[in-house]
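Trainee: I would like to learn how to read a structure such as this one, feature by feature. Could we go through it together?

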2 protein chains.
Amino acid sequence: MTRLTALALPIFALSLAAVAARADVVAKAASPDGRITLTVSLDGEGRPSYAVQRDGQPLIADSRLGFMLTDAPKIERNLMLADTKRDRSDTTWTQPWGEWATIRDNHSEIHLAFREKSDLERTMDVTFRLFDDGVAFRYTLPDQPNLHHVNIAEELTQFAFAQPGTAWWKPAFEWNREEYLYNKTPLDAVGTAQTVMTVKLAGGTHVALHEAALVDYSGMNLARVQGNTFRAALTPGAGAPKVSRNAGFSTPWRTIAIADDAAGLYMNHMILNLNEPNRLGDVSSWIKPGKFVGVWWNMIKGNWSWARGPKHGATTANVRRYIDFAAASGIPAVLVEGWNVGWDGNWFGNGNAMNFSQPTEDFDADGLAAYARSRGVTLIGHHETGGSASHYDGQLDSAFKWAADHGERVVKTGYVTDAGQIERVDADGTRHREWHEGQWMVNHYLRVVQTAAKYHVSIDSHEPVKDTGLRRTYPNWVSREGGRGMEYNAWIGGKNPPEHEANLVFTQLLGGPMDFTPGVLSLSGSEGSAIQSTLAKQLALYVVLYSPVVMAADTPENYAKYPGPFQFVKDVPTDWSDTRALNGEVGDYATVARKEKGGDDWYLGAVGDEEARAVQVTLDFLDAGRSYIAEIYRDGPGADYRTDARHAIVIEKKAVRKGDILTIAMAPGGGQAIRFVAGGKARRR
Amino acid sequence: MTRLTALALPIFALSLAAVAARADVVAKAASPDGRITLTVSLDGEGRPSYAVQRDGQPLIADSRLGFMLTDAPKIERNLMLADTKRDRSDTTWTQPWGEWATIRDNHSEIHLAFREKSDLERTMDVTFRLFDDGVAFRYTLPDQPNLHHVNIAEELTQFAFAQPGTAWWKPAFEWNREEYLYNKTPLDAVGTAQTVMTVKLAGGTHVALHEAALVDYSGMNLARVQGNTFRAALTPGAGAPKVSRNAGFSTPWRTIAIADDAAGLYMNHMILNLNEPNRLGDVSSWIKPGKFVGVWWNMIKGNWSWARGPKHGATTANVRRYIDFAAASGIPAVLVEGWNVGWDGNWFGNGNAMNFSQPTEDFDADGLAAYARSRGVTLIGHHETGGSASHYDGQLDSAFKWAADHGERVVKTGYVTDAGQIERVDADGTRHREWHEGQWMVNHYLRVVQTAAKYHVSIDSHEPVKDTGLRRTYPNWVSREGGRGMEYNAWIGGKNPPEHEANLVFTQLLGGPMDFTPGVLSLSGSEGSAIQSTLAKQLALYVVLYSPVVMAADTPENYAKYPGPFQFVKDVPTDWSDTRALNGEVGDYATVARKEKGGDDWYLGAVGDEEARAVQVTLDFLDAGRSYIAEIYRDGPGADYRTDARHAIVIEKKAVRKGDILTIAMAPGGGQAIRFVAGGKARRR
């Protein structure tokens with residue numbers, strides 16, 4: 001090959017790791033408590049890299065930074081550090097809804113401006129924020145003489161773990177989008193992973209890689225290079241660059257959450273803190289967390305259809321019955337799918353027949369809206385695009401006006417098509433195929449949320465872009481799917497295994513709320529097929545898997561069979577003033593306690609996996625000097641997800657107070673749910 | 001969510017593996033000897049897949065087929081089998097040069113035409129060829145009403161290994177192109193790999209994945225999805241599609257070589273058999289395999305420079321001296337790098353100053369051409385593009401005319417820039433950054449070879465596209481780099497480890513010849529740094545690592561110090577009538593015997609790794625009833641790559657005949673070279 005000038009010989013010849021070893025540290029920073037430290041280096045070739053340590057132990061070894069462009073030399077080599085700025089911030093802000101009412105944002109910041117020593121003299125800035133529980137960084141590419149427009153072929157960001165470990169991850173770029181079970185493998189056996197990817201390092205430290213504030217950019221996946229080293233793998237689009245923007249922008253934040261244990265990861269607020277503040281102002285009048293029921297479970301089981309015909313689910317009569325059921329149960333909303341024109345043909349991957357303001361003839365939209373209003377219930381709308389995103393774009397305003405006119409406060413959207421099969425149509429009619437997390441779709445999802453906000457409608461995105469904390473900026477983006485939800489339990493093949501939710505809470509849920517649709521108390525899917533859960537676990541999911549809009553997914557007929565357990569579904573809030581992840585191991589179990597916003601009661605949910613397990617929790621979170629009645633929903637004698645005894649449940653009450661120790665026993669496939677009713681407080685309905 | 005019609009429920013809900021399990025077999029085929037079998041299936045969603053078995057044991061489990069397109073729905077679902085054709089062929093053909101003079105092509109073929117059941121009714125054909133030692137397949141996309149132009153976003157081909165195993169692989173898409181050491185990891189710890197990827201399955205069977213006849217398409221890499229399942233990951237280009245072509249073409253062949261052991265993989269001829277026959281006619285007058293010396297080793301060590309100045313290597317005086325040395329040594333060619341104008345600035349990644357028909361003022365091109373001719377030596381030219389491929393395109397004709405006019409029969413090309421940094425300039429001046437193995441560069445490399453052929457010049461590509469057997473069709477494409485060659489041993493850091501060549505022979509070399517540049521008998525790089533090899537191993541490399549053009553890389557001064565070992569370098573041929581891989585384990589050791597074309601002598605090379613090792617070989621390959629003198633070059637007492645004793649060598653002679661058993665002892669970092677001189681034959685010079 002003949003690749004070198006004599007001067008450059010030793011550097012060129014080195015392996016990546018060896019190059020990193022020869023780098024000179026050009027900047028250092030530390031978290032507010034000093035435990036987490038950052039070093040930024042430049043090697044002899046002018047390649048920048050960063051590394052992260054905690055308590056002096058390396059977590060992330062020197063990892064490269066930079067960009068490949070489709071139309072210009074990459075920005076990566078031959079850089080010098082031109083400027084360094086530091087900042088320090090400690091603030092607290094309030095959420096309109098969420099797991100915590102107030103959130104502290106305590107971080108130090110270092111802003112580094114790198115400039116090319118070559119003729120182009122391009123500048124690439126990197127801003128690092130160090131929290132006591134993690135590190136985040138983003139690039140800024142200023143507008144400059146030799147970089148007015150940026151066409152990114154690939155981001156060169158690396159994450160080189162400094163220790164081996166165990167990873168929980170889902171494959172990226174596969175046909176079924178985010179809907180995969182989590183793999184648990186050695187860190188060096190990951191393929192290409194979606195984020196959130198959660199890692200337990202050999203030393204015990206837990207790390208979660210993700211991103212925050214994904215706006216006008218494509219989603220980042222993690223491709224393993226070799227060993228424990230990963231590189232960013234941006235989601236493609238239909239265009240040549242994965243990202244195309246005018247210079248003068250910042251990328252999303254790349255986030256490295258760090259904790260002693262899995263529960264610690266759940267308590268991390270970096271993702272929200274790295275997003276811009278609320279741009280929608282006071283939303284209290286129109287964004288209302290709450291539970292809902294709906295015609296969906298009978299559809300997904302195959303009993304009813306979305307399309308018109310003898311099995312059509314969204315008929316006036318059916319929906320009236322659900323409105324009645326919701327009203328009688330104190331559940332404020334009813335989701336209606338399949339209410340509109342466009343479902344009759346093969347809509348999977350082709351939603352160009354969908355009309356989002358034209359109900360089917362057997363759905364009396366005006367009458368039902370009025371009836372719902374009369375019963376104190378709202379309807380939740382549904383916009384299934386079949387992946388025809390441009391077609392949906394053309395109806396956005398009319399669709400959300402129609403929704404608002406019919407009293408819908410929330411709309412569930414859907415993009416049911418395989419990965420990479422989103423249809424984009426240019427103004428001139430040219431057709432393209434986009435990925436759900438490519439730049440164009442990232443912008444589409446946000447356009448939907450912004451349009452909905454104009455009409456005071458909130459969005460629950462299915463087949464969504466991943467959650468990167470944009471609910472802070474747009475609090476009407478209330479929830480999303482983005483993983484394997486309850487629907488997989490409707491189907492005869494491929495049911496979710498018992499460990500699934502204990503994976504979700506420490507992976508996807510670190511990004512934000514998930515519309516999992518729990519509460520199938522019948523524990524049965526299509527043709528009576530058994531769901532791999534106990535009854536108590538179905539209740540626990542309402543506490544463990546947070547979503548401000550959460551479904552009671554089963555049918556009214558089934559809930560009538562389980563009045564005792566259904567009481568917890570009726571009781572459990574969807575908005576919280578405080579949350580404590582009490583314990584957990586990724587994929588094994590998780591226990592979470594939350595305090596009702598605007599109330600004094602606490603709720604606890606614990607979910608396990610296929611093993612029987614008992615965990616002890618100390619009730620430290622309760623108010624001192626106050627008595628509580630614990631309403632306990634626990635797995636009954638012999639409960640087991642593998643047998644009909646999965647329905648065995650014991651509901652009992654127990655007086656407790658702060659500091660008491662409770663033993664939470666979980667059956668195989670089980671869980672436990674507890675309401676701690678604060679002393680003297682009347683039962684809420 | 002909400003992704004299904006009731007009918008489709010069970011299929012949609014299944015994991016990939018489960019889907020495959022439900023597929024119906026629609027076609028079967030077997031290799032000529034019946035041991036290898038193929039099954040092709042369609043699942044309930046109309047997704048085709050293939051699987052491969054040997055002796056009834058699954059090697060490749062059901063693996064998907066299809067394409068994603070940038071501008072139309074993917075071709076993958078909803079397919080039916082419209083037509084099946086079968087064929088059987090057993091032929092033998094002759095190579096103008098190579099490891100074997102004649103090659104047998106014995107295969108059965110099954111051609112399957114899939115057609116979409118949907119409105120588009122597109123057709124995708126898949127042709128499988130089954131050999132006794134492997135399976136290959138390629139797609140054909142006919143020109144058709146709904147597919148006139150094909151813009152491929154990704155090929156959906158999978159390779160789902162049915163057994164765990166150990167893999168030897170290099171990471172794909174990393175900055176240093178192909179120049180990485182091989183990883184040896186569990187199969188399920190591969191990241192994204194280049195091909196050739198070699199796998200030893202748990203059952204002992206060896207499999208190598210690669211491709212054949214890469215023409216007007218982008219190179220295939222292997223991304224691991226999860227577990228032991230891989231998918232094709234085509235190399236990107238600067239354009240949106242990874243491949244853009246008019247319909248009516250076939251893809252390269254995806255090849256699955258299968259053998260009982262590593263040596264068996266080396267004996268596989270699928271790659272050559274799957275390429276089109278020689279298009280250049282009788283090339284015997286102008287394509288001449290042979291050894292060469294050159295000014296390069298002093299450059300790569302930093303003693304001399306490519307650029308003009310006091311250290312300039314390609315001076316008239318220096319090159320005259322090398323011509324003299326070549327002539328005196330019976331070596332027919334001298335490579336001259338840095339002979340032309342354009343090296344003075346920073347040419348790395350920017351070769352736009354390179355002029356390929358303008359020598360520097362201290363290089364008397366005409367005089368040296370005449371002098372070389374007078375000494376019976378030819379000069380090997382050198383075209384370093386610095387990755388500026390369009391710039392080179394603009395000079396191709398003039399450059400090769402100049403080369404031919406100066407008696408150059410071979411030109412070494414170079415594309416020294418990081419991965420993804422090839423410069424392409426459109427006719428309108430628009431600049432793009434291309435990958436070395438993207439479609440545009442695949443076409444560029446072949447354009448260079450085709451242009452060179454017009455002038456009867458052969459090409460030795462450095463920083464090349466991988467070898468997919470095109471030497472059969474264009475026999476002037478004689479060699480290439482494409483891996484870590486001897487140059488890494490010139491540099492102080494990052495020297496090749498002792499196992500490197502035992503990796504190469506069972507990975508990269510399965511694709512074709514490599515210009516490794518062996519024969520550094522001084523065993524020293526820059527500043528006297530020690531090369532991790534014994535002296536005998538340097539000789540063995542001439543036999544083990546095949547290339548029809550092969551360098552004696554060390555300096556004349558150094559060769560003068562080792563007249564005994566240098567005799568083997570002078571003796572060893574570069575063209576063979578027969579080759580036998582005698583034994584080996586990937587990355588541990590390899591023993592290869594070859595018979596000189598046009599002669600009766602055999603040569604044997606054995607290379608090891610860092611361990612001392614003795615292997616026994618039976619001299620079955622020698623002619624019966626004939627006596628041979630084995631001229632043995634073996635590691636001497638105490639030889640060890642870690643000490644100065646790496647130079648210890650014993651040269652001895654021994655009478656042998658067919659069927660004798662030889663014990664080949666190799667020191668740590670060692671090897672052995674043997675010439676078997678056929679009885680009565682005069683010593684050749």
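Mentor: Let us begin with a definition: two strands pair if DSSP finds at least two bridges between them, and strands (E, at least two residues) and helices (H or I, at least four) are DSSP runs, numbered from the N terminus. This is a predicted model, in which local features need pLDDT of at least 70 and side-chain atom pairs count only at pLDDT 80 or more, while totals for chains, interfaces and linings use all residues. Residues are numbered from 1 along each chain as its sequence is written, chains are lettered from A and ligands numbered from 1 in the order in which they are written, and side-chain values use heavy atoms, with hydrogens and water left out.

Trainee: How many bridges join strand S34 of chain B to S37(B)?

Mentor: There are 6 bridges between S34 (residues 613-618) and S37(B), and the two strands run antiparallel. Within this pairing, Gln616(B) stands opposite Thr663(B) of S37(B).

Trainee: Which residues of strand S37 of chain B lie on its covered face, and which on its uncovered one?

Mentor: In a regular strand the side chains alternate between the two faces of the sheet. In S37 (residues 661-666) of chain B, Leu662(B), Ile664(B) and Met666(B) form the covered face, whereas Ile661(B), Thr663(B) and Ala665(B) form the uncovered one.

Trainee: Which residues are buried in helix H7 of chain A?

Mentor: An α-helix has 3.6 residues a turn, so residues three or four places apart point the same way. In H7 (residues 365-374) of chain A, the buried residues (under 20% relative accessible area, with exposed meaning over 50% and partly exposed in between, for a 1.4 Å probe and protein chains only) are Ala365(A), Leu368(A), Ala369(A), Tyr371(A) and Ala372(A). They lie on the same side of H7(A), because they cover an arc of only 165° around the axis, the arc being that of the directions from the helix axis to the C-beta atoms. The face turned away from that buried side carries the exposed residues Asp366(A), Arg373(A) and Ser374(A).

Trainee: What covers the buried residues of H7(A)?

Mentor: The cover includes helix H6 (316-329), strand S24 (378-384) and helix H9 (396-405) of chain A. After H7(A) comes Gly376(A), whose phi is positive, near 75°.

Trainee: Is Thr157(B) buried or exposed?

Mentor: Thr157(B), in the loop between strand S10 (149-155) and strand S11 (158-161) of chain B, counts as buried because its relative accessibility is 0%. Its side chain makes a polar contact with the side chain of Tyr139(B) (2.6 Å), where a polar contact is a pair of N or O atoms within 3.5 Å; within protein, one must be able to donate a hydrogen and the other to accept it, and residues adjacent in sequence count only if both atoms are side-chain atoms.

Definitions and conventions. Contact means heavy atoms within 4.5 Å.
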